[in-house]
Every structure is written in structure tokens, then in C-alpha cells.
Amino acid sequence: MLSVAGDVLGDIVHYWVGWYGGGVLMKKYHKKFNITQKDIDKTKNNLDKNFVKTMFVTKFTPPLATPGLLLIGSLKIPFKKFVIYSLSVSLITSGFYVLMGYYFGKIIEKIFEYYSMTQYFFIALIIFVILCYIIYRKTFPKLIKKANKE
């Protein structure tokens with residue numbers, strides 16, 4: 001229940017930011033994100049025709065959630081309608097993610113039970129990748145400077 005409450009409260013914040021500042025944000029950033037008035041009209045049309053489907057896709061796809069909710073707010077969708085559907089979709093998505101985490105946790109326990117050495121390999125691999133990244137970040141700029149001088 002806490003995940004649903006947190007999700008809906010976050011959605012409401014995004015909605016109100018979109019409601020009060022969405023027009024300004026769209027005017028300011030539409031070129032940066034390559035959004036045309038035609039795209040906005042198409043989204044508005046989709047929201048009018050298929051609000052539930054659009055809301056579900058927006059909230060269920062993590063990268064689309066924030067811009068989608070801001071857009072819904074900026075298009076002045078009625079707040080009551082938004083909250084009802086946001087709550088409905090949040091129940092489904094939160095339930096899905098909680099179940100996915102629970103069952104994945106059960107599966108991973110079994111996997112590590114049978115392949116306990118695998119976890120040490122992955123930990124070593126992660127440490128190795130981090131060390132390589134740190135070394136790369138420290139030495140690569142020096143190599144570029146040295147190559148540019150020659």
C-alpha cells in the first residue's frame with residue numbers, strides 16, 4: 001500500500017507541475033526534445049480517445065512516466081479523473097513490480113544456492129569494471145593531452 005500511495009503522490013506532484021508550469025516548460029523545451037505542436041495535439045487526441053490506455057502505457061514505461069504526467073497536467077485533464085485512473089494504474093503496476101521482486105528474489109536464492117561461486121565471480125567482475133573505469137578516467141585525458149602535444 002505504501003508503494004501505491006508513494007506512486008500516486010508522486011503522480012499528483014507531476015500533474016500539478018504540468019498544470020501550472022507545463023505550458024511554459026513546453027514552450028521552453030519543445031525544440032530541445034523535438035516536440036512539435038502536432039505531437040502535442042496527437043497526444044491530446046490520444047488522451048481524449050484512450051485515456052486509460054495512454055495512462056497505463058505512460059506509467060508502466062519508466063522513462064515515459066515523468067514527461068507523460070507533466071503533459072497530462074499541462075493538457076488540463078480533470079483532476080478527479082486523473083487521480084482515479086492514476087490510483088487504478090498504480091495498483092496494477094505496483095502489484096506487478098512487488099510480485100516481480102518477490103518472485104525474482106525467490107529465484108535468485110535458488111540460483112545462488114546451486115551456484116554459490118557465481119556470486120563471487122560477479123562481485124569480482126563488478127569491482128574489476130569499476131577499477132578499469134577509474135583507471136580509464138584518470139589516464140585517458142592525460143593520453144589525449146600527450147597526443148595533442150605531439
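## Surface and overall make-up

Accessible areas come from the Shrake-Rupley method with a 1.4 Å probe, and on that basis the accessible surface of the chain comes to about 11,600 Å², of which 71% belongs to carbon and sulfur atoms. The model described here is a predicted one. Of the 150 residues in the chain, 20% count as buried.

The chain contains six helices and zero strands, so that, read from the N terminus, its elements follow the order α-α-α-α-α-α. Among the contacts in the chain with a separation of 6 or more, 81% are made by residues 24 or more positions apart.

## The buried side of helix 3

Helix 3 covers residues 51-60, and its buried residues include F51, T54, M55, T58 and K59. These residues lie on the same side of helix 3, because they cover an arc of only 120° around the axis.

## Salt bridges around K59

Side chains of opposite charge can pair when their charged atoms come close. A search of the whole structure finds two salt bridges. In one of them D7 is paired with K59, and the closest N and O atoms are 3.0 Å apart; this pair links distant parts of the chain, since D7 belongs to helix 1 and K59 to helix 3, 52 residues apart. D7 is partly exposed, with a relative accessible area of 24%, whereas K59 is buried, at 9%.

D11 also forms a salt bridge with K59, and here the closest N and O atoms are 2.2 Å apart. This pair again links distant parts of the chain, D11 in helix 1 and K59 in helix 3, 48 residues apart. Both D11 and K59 are buried, and salt bridges that share partners join D7, D11 and K59 into one network.

Across the whole structure, 10 aromatic pairs are found. W16 and W19 form one that is edge-to-face, with 5.7 Å from centre to centre and 65° between the planes. These two residues are three residues apart in helix 1, which spans residues 2-29, and so they are separated by about one helical turn. W16 counts as partly exposed at 29% relative accessibility, and W19 likewise counts as partly exposed at 26%.

The rings of W16 and F79 have their centres 5.0 Å apart and their planes at 35°, so this pair is tilted. Because W16 lies in helix 1 and F79 in helix 5 (residues 79-114), the pair ties together parts that are 63 residues apart in sequence. F79 is partly exposed, with a relative accessible area of 31%. Ring pairs link Y15, W16, W19, Y20, F79 and F82 into a cluster.

Y120, I123, I126, I127, I130, L131, Y133, I134, I135, Y136 and F140 make a nonpolar surface patch of about 1,100 Å². One of them, L131, is found in helix 6, residues 116-149, and is partly exposed, with a relative accessible area of 47%.

Definitions and conventions. Residues are numbered from 1 along each chain as its sequence is written. This is a predicted model: local features need pLDDT of at least 70, side-chain atom pairs count only at pLDDT 80 or more; totals for chains, interfaces and linings use all residues. Side-chain values use heavy atoms; hydrogens and water are left out. Helices (H or I, at least four residues) and strands (E, at least two) are DSSP runs, numbered from the N terminus. Buried means under 20% relative accessible area, exposed over 50%, partly exposed in between (1.4 Å probe, protein chains only). Contact means heavy atoms within 4.5 Å. The arc is that of the directions from the helix axis to the C-beta atoms. Patches are made of residues with over 30% relative accessible area and no salt bridge: like charges are joined within 9 Å, nonpolar side chains (Val, Leu, Ile, Met, Phe, Trp, Tyr) within 5 Å. A salt bridge is a side-chain nitrogen of Lys or Arg within 4 Å of a carboxyl oxygen of Asp or Glu. Rings of Phe, Tyr and Trp (its six-membered ring) pair if their centres lie within 6.5 Å; planes under 30 degrees apart count as stacked, over 60 as edge-to-face and the rest as tilted.
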